[in-house]
Amino acid sequence: MGEVDPAFVQDIQHRPKLATIEAEGIPLINLNSVLNSADAVSEASLVSDVGDACKKWGFFQVINHGVPLEKREKLEKAAKDFFDQPLEEKVKIRRDEMRVSGYYDSEHTKNVRDWKEVFDFTVQNPTIVPASTRPDNKQVAEWHNQWPEYPPQLREACEEYAGEVEKLSFKLMELIALSLGLPADSFNGFFKDQTSFVRLNHYPPCPAPELALGVGRHKDAGGLTVLAQDDVGGLEVKRKSDGEWIRVKPTPNAFIINVGDIIQVWSNERYESVEHRVMVNSEKERFSIPFFFNPAHYTMIKPLEELTREENPARYRPYNWGNFLVTRKGSNFKKLDVENIQIYHFRISESELANRLEKAESVA
């Protein structure tokens, strides 16, 4: 990636400001009490903190999370060794529409190319998904991981790390369920045949960081994202209170957690998925590792019945997660003429919600 190709250049209104605001406000939550103690008071306080963070920010950081530091460091080293190779080596396991795991360097967000290269692998291998995006097609396909010859330790490092972060993800989903007033295991069944995947991100130095972004503004489509980032930093979150872009300052050995679109729907908008993006810089490369915790392909995503009632009706029509995922994945390989599929396409309009509420009141 030498000079900035026009494909990387953001529209003027979406170009990054090089003067950043660092977020003191994104909560830092210590999970030590829930992982190592049966103290009900400590857990209740923790549940409250998680709920407040989900409601006010959609993002929070966790420390003392139970993921061994050596597993993370082993993967970070292996990822750097992989990305340091010549391009002709990396493209031997290049992703395409048939093989959606592996290496890729031409991803687009909001139809603008991202200044990054990635390596993706699924947590379950194979991962079962719909064979096509047609709702009437009941056939399924298998996504298989691709692994490079070098570095030889990459596969083991990836699989060990994913196993540890998967355990953390289930614990976080239990805390989120409790914060919504639900039983702790309310979400567990959705992830039995999960479509979760992990991405290794490499953001090379960019000669024009005022024009391009490592990842353009977006919301995560899945359930929960658990992000490890290095000490370079670059993640920015759109603050809900005023719409300002806020830089998330790296905290050593912390994970950054954000609520995805699925939790927004399940919670009937009690919690919202929040826009975020990644800045690049002209001097330092940056690495990050997001774990995208996603449910089984056959899951119908809709507001949970326990969180809806006559005066607060469901705000979304049900949609099939597998079809949504396959549609999204297909768009990674081509520039679209229209916006990619989004959850707001399934949102019930305010006027229709008002009509439903009026009918419910007249019956009462």
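1. **Terms and a first residue.** Helices and strands here are DSSP runs, numbered from the N terminus; a helix has at least four residues and a strand at least two. With that in hand, take Glu-275. Glu-275 lies in the loop that links helix 6 (261–266) to strand 16 (276–278). Keep in mind that this is a predicted model.

2. **Strand 10 and its partners.** Strand 10 (residues 197–203) runs antiparallel to strand 7 (residues 117–122), and six bridges join the two. Two positions show how they line up. Glu-117 stands opposite His-202, and Phe-121 has Val-198 as its bridge partner in strand 10. Strand 10 also pairs with strand 17, again in the antiparallel sense, over five bridges. There, His-202 stands opposite Phe-287 of strand 17.

3. **Why is strand 10 described as largely enclosed?** The reason is that seven of its seven residues are buried. Look at the side chains next. Phe-197, Arg-199, Asn-201 and Tyr-203 point one way from strand 10. Val-198, Leu-200 and His-202 point the other way. All of these residues are buried.

4. **The nonpolar cores.** How many residues does the largest nonpolar core have? It has 69. Phe-119, Ile-176, Phe-187 and Phe-255 have the most contacts inside it. Helix 5 (residues 154–179) gives the most to this core, namely twelve residues. There is also a second, separate core of 17 residues. Among its members are Cys-206, Val-237, Val-248 and Val-274.

5. **Ile-176 and Cys-54.** Residues up to four places away in sequence are not counted here. Ile-176 then touches Val-50, Cys-54, Phe-187, Leu-224, Ile-263 and Tyr-271. Cys-54 is in helix 2 (residues 40–56). Now compare sequence with space. Cys-54 and Arg-277 are 223 residues apart in sequence and 18 Å apart in space, C-alpha to C-alpha.

6. **Cysteines.** A disulfide is a covalent bond between the sulfur atoms of two cysteines. How many disulfides are counted in this model? The count comes to zero. As for accessibility, Cys-54 is buried, with a relative accessible area of 0%. Cys-158 is buried too, with a value of 0%.

7. **Aromatic rings.** A pair of aromatic rings is described by the distance of the centres and the angle of the planes. The whole structure holds 20 aromatic pairs. Why is the pair of Phe-82 and Phe-83 called edge-to-face? Their ring centres are 5.3 Å apart and their planes stand at 70°. A pair with planes over 60 degrees apart counts as edge-to-face, so this one qualifies. Phe-82 is buried at 0% relative accessibility, and Phe-83 is buried at 4%. Phe-291 and Phe-293 form a tilted pair, with 6.1 Å centre to centre and 40° between the planes. Both of these residues are buried.

8. **An aromatic cluster.** Phe-82 and Phe-83 belong to one aromatic cluster together with Tyr-103, Phe-119, Phe-121, Trp-147 and Phe-287. Several of these names have come up before. Phe-119 is one of the residues with the most contacts in the largest core. Phe-121 is the bridge partner of Val-198, and Phe-287 stands opposite His-202.

Note on methods:
Residues are numbered from 1 along each chain as its sequence is written. This is a predicted model: local features need pLDDT of at least 70, side-chain atom pairs count only at pLDDT 80 or more; totals for chains, interfaces and linings use all residues. Side-chain values use heavy atoms; hydrogens and water are left out. A nonpolar core is a set of buried Ala, Val, Leu, Ile, Met, Phe, Trp, Tyr and Cys residues joined through side-chain atoms within 4.5 Å. Buried means under 20% relative accessible area, exposed over 50%, partly exposed in between (1.4 Å probe, protein chains only). Contact means heavy atoms within 4.5 Å. A disulfide is a pair of cysteine sulfur atoms within 2.5 Å. Two strands pair if DSSP finds at least two bridges between them. Rings of Phe, Tyr and Trp (its six-membered ring) pair if their centres lie within 6.5 Å; planes under 30 degrees apart count as stacked, over 60 as edge-to-face and the rest as tilted.
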